[in-house]
Amino acid sequence: MASTTEPQSTTAPAPTTTPTSTSLPTSIVILGGNHAGLGVLHTLARHTIPALQRLPSQPSPPQYKITLITPNSHFFFKPASPRALIHPDLLPGGEDKVFRNLSDAVQQYGELVTVVKAYATDVDTSTKEVKIKHVDTTSPGGDSEGTSAVRYDVLIIATGTKARSALWTMPSLGADGLQAAEDATKREWEGIRTKLKNLQAGTHPHHSILIAGGGPVGVETTGEIATLLKAEGKTEGVTITLLSGSDRLLNRNCNESLGRKAEAYLKKNFGALVQVSHGIKVVSVSDSVISSGEGGVEQPETTVELSDGTTRTVGLYIDATGGSGNADGFLPQAWLDASSRVITKDAFFRVRGDSSQHDAQAADGIYAVGDVVSGSDNTLISTNFQVPVVCSSIGADLAAKIIHPQGQTSSVKLPAPLKQKRFKNKMAGTLLVPIGPDGGVGQILGWGVPSLMVKAAKAKNFLIDMAEPAVTGSQWK
């Protein structure tokens with residue numbers, strides 16, 4: 001796929017940032033600083049804005065300002081999470097490759113880009129402002145409560161999803177440890193590793209592990225843990241139970257047979273160590289401590305109430321269930337679907353807004369991209385195909401205001417970055433699910449692929465080589 005090919009150079013175009021008139025620059029605000037948000041930022045800075053500034057029939061090049069609003073200081077490469085959680089030593093570069101400082105992404109663009117460490121609390125379409133709450137309440141520009149507003153001409157919503165566990169998504173609005181969200185995720189990882197070591201050492205009274213979620217993350221995490229225990233000969237008396245709330249594993253974005261293949265792979269490679277239970281969901285979870293061993297050493301335990309009416313107490317519980325859209329904290333409910341993802345009005349990722357409002361222009365200039373988009377399959381592949389489309393929508397809309405003022409006609413031929421593209425996931429039906437470092441199950445374009453191909457393509461390093469070009473922008477050449 002073209003978006004995974006690293007170019008020869010990562011040098012970005014040098015944008016003009018000094019205003020040549022007294023008018024305010026066009027304000028482009030991006031909410032969300034992970035894969036989708038950075039993809040849009042890099043594409044706009046490298047391609048869209050330079051193309052707009054080169055359009056003819058302008059007294060001077062228009063000026064632009066990109067503001068990236070995110071509560072996190074780091075980029076988080078989520079696809080590698082199952083490996084980083086259990087086997088960080090098997091990742092090239094280790095855990096440091098999973099978390100990258102956002103300054104590595106934006107410093108190349110100079111004054112064109114400003115990062116504001118905050119989260120959105122409201123979007124006022126009447127004034128075209130995003131209300132934000134700063135992570136550091138003493139930040140310049142904020143009021144006594146650390147809140148302020150950012151004007152927008154273009155607003156891109158790239159806030160992704162929020163998982164039930166900080167293992168898979170860095171904490172944001174209202175979460176403990178917001179000052180360093182990546183540290184909160186790392187603390188969760190260390191807590192899981194400690195519990196796992198206690199189980200391996202045989203010092204925990206409960207020898208069972210419960211993983212909720214039969215999607216790719218749940219299956220991959222099960223494979224990582226089972227591989228670790230098997231390799232170290234620590235399987236005696238230990239049972240890993242993988243809960244699938246559906247009638248099969250991997251029940252989204254793939255053929256039905258892939259879930260059955262995943263379950264068969266687990267059984268073949270790990271035997272009685274792994275058990276899969278279908279049609280069971282978690283109702284409630286409570287953590288406590290229990291005294292065990294000599295001296296009454298306190299050990300954490302988790303009690304889980306299940307939808308079949310049973311209750312289980314385990315030494316290690318991992319929530320790998322799917323998340324919901326991360327937009328309900330600042331957008332009206334009428335703009336969202338039932339999973340709090342943003343509804344778009346076309347195949348170009350323009351936001352629909354409230355379809356019942358008389359003001360059809362309320363959502364003009366607002367776009368959505370990535371996992372937060374209603375109907376998205378929540379894969380990195382899909383996001384990679386969305387980014388060029390949403391940037392073309394932004395470019396086409398801004399170009400129209402330049403070359404068609406007050407609806408005037410123009411014969412100006414638009415350059416490629418400003419021509420409207422239509423979204424098509426050219427890799428639809430592609431899903432690779434490692435089950436340990438030696439292989440797994442998968443399909444490409446709906447066709448099943450052998451375990452060896454899964455090993456070569458993903459199981460070996462969990463795509464960690466894609467993190468660097470995503471951060472530096474070389475992915476979006």
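This is a predicted model: local features need pLDDT of at least 70, side-chain atom pairs count only at pLDDT 80 or more; totals for chains, interfaces and linings use all residues.
Helix H1 (residues 35-53) lies across four strands, namely E1 (26-31), E2 (64-70), E5 (113-124) and E8 (154-157), and runs at about 175° to E2. Contact here means heavy atoms within 4.5 Å. Angles go from 0 to 180 degrees between N-to-C directions, and axes are lines fitted to C-alpha atoms, for helices over the stretch in contact. The names come from DSSP runs numbered from the N terminus: helices are H or I with at least four residues, strands are E with at least two.

Residues are numbered from 1 along each chain as its sequence is written, and side-chain values use heavy atoms, with hydrogens and water left out.

Now for the sheet itself. This open sheet has 7 strands in the order E7-E6-E5-E2-E1-E8-E18, and the pairing is mixed. E7 (147-151) and E18 (366-368) are the edge strands; each has a single partner strand, so one side of each has no neighbour in the sheet. On average, neighbouring strands are turned by 35° against each other, direction ignored. Two strands pair if DSSP finds at least two bridges between them. Over at the E7 end, E6 (residues 129-134) runs antiparallel to E7, joined by 5 bridges, and Lys-133 sits opposite Thr-147 in E7.

Back to the two helices. H1 and H7 pack at an angle of about 35°, and their axes are 9 Å apart. On the H1 side, the contact includes Gly-39, Thr-43 and Leu-52, while H7 brings residues including Val-387, Cys-391 and Ile-402. The residues of this contact divide into 12 nonpolar, 7 polar and no charged. For that count, Ala, Val, Leu, Ile, Met, Phe, Trp, Tyr, Cys and Pro are nonpolar, Asp, Glu, Lys and Arg are charged, and the others, Gly among them, are polar.

Let's zoom in on Thr-43 of H1. Is Thr-43 buried or exposed? Thr-43 is buried, because its relative accessible area is 10%, and buried means under 20%, exposed over 50% and partly exposed in between (1.4 Å probe, protein chains only). Leaving aside neighbours within four places in sequence, Thr-43 is in contact with Thr-48, Val-387, Cys-391 and Trp-476.

Elsewhere in the chain, strand E11 (residues 239-244) is mostly covered, with 5 of its 6 residues buried. E10 (residues 208-212) runs parallel to E11, and 5 bridges join the two. Leu-210 stands opposite Thr-241 in E11.

Ser-451 is partly exposed, since its relative accessible area is 23%. Not counting residues up to four places away in sequence, Ser-451 touches Tyr-265, Asp-438, Gly-439 and Gly-440. Ser-451 and Val-433 are 18 residues apart in sequence and 9.5 Å apart in space, C-alpha to C-alpha.

Finally, step back to the whole chain. It has 9 helices and 21 strands, and 51% of its 477 residues count as buried. Among contacts with a separation of 6 or more, residues 24 or more positions apart account for 68%.
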